[in-house]
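Dear colleague,

Please find below the structure that I am handing over to you. My findings follow directly after it.

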Amino acid sequence: MLDYVSACFSIGSTSFADANISTPNSSPSEMSQVIAPHAFFERDIYLKVGQPGQWYSGYTYDVIYSDGACDIGPDFLVTPIQPGLTVVSANHGTYTILFKFHVSY
């Protein structure tokens with residue numbers, strides 16, 4: 001009986017030892033990466049002419065539309081100038097906020 005048990009272990013061990021494990025042949029640059037989708041948010045902000053400027057956040061920002069309603073200064077300082085609309089896109093890395101500055105009297 002002991003010979004039978006040792007024969008089973010040796011056969012089992014041999015079969016596992018001979019098993020080939022394949023590895024991918026592609027380089028890391030060829031492997032696909034999972035990238036999280038970029039989120040977009042909109043924020044309507046209502047300002048009055050004559051209010052002091054306020055800073056808003058974002059790594060970078062771009063004025064998309066302006067009819068002269070706001071002055072967009074350094075470091076994203078927004079000062080309402082006259083009635084109208086100014087739209088600014090602010091990049092926050094993993095998401096973007098579309099600021100809509102509505103200015104009235």
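Trp55 has Leu77, in β5, as its bridge partner. Please note that the model is predicted. Strand β5 covers residues 77–80 and pairs with β2 in the antiparallel sense, over two bridges. These two strands belong to an open sheet of three strands, in the order β2-β5-β4, with antiparallel pairing. Its edge strands, each of which pairs on one side only, are β2 (54–55) and β4 (70–73).

A further open sheet is made of four strands in the order β1-β7-β6-β3, and here the pairing is mixed. At its edges lie β1 (39–48) and β3 (60–66), each pairing on one side only. On average, and with direction ignored, neighbouring strands of this sheet are turned by 20° against each other.

Within this four-stranded sheet, β3 and β6 (residues 84–91) run antiparallel and are joined by six bridges. As an example, Val63 has Val88 in β6 as its bridge partner.

Is Thr96 buried or exposed? Thr96 counts as buried because its relative accessibility is 9%, and the cut-off for buried is under 20%. Which residues is Thr96 in contact with, leaving aside its neighbours within four places in sequence? They are His38, Ala39, Phe40, Phe41, Ser89, Ala90 and Asn91.

Yours sincerely,
A colleague

How values were computed
Residues are numbered from 1 along each chain as its sequence is written. This is a predicted model: local features need pLDDT of at least 70, side-chain atom pairs count only at pLDDT 80 or more; totals for chains, interfaces and linings use all residues. Side-chain values use heavy atoms; hydrogens and water are left out. Two strands pair if DSSP finds at least two bridges between them. Buried means under 20% relative accessible area, exposed over 50%, partly exposed in between (1.4 Å probe, protein chains only). Contact means heavy atoms within 4.5 Å. Axes are lines fitted to C-alpha atoms, for helices over the stretch in contact, and angles run from 0 to 180 degrees between N-to-C directions.
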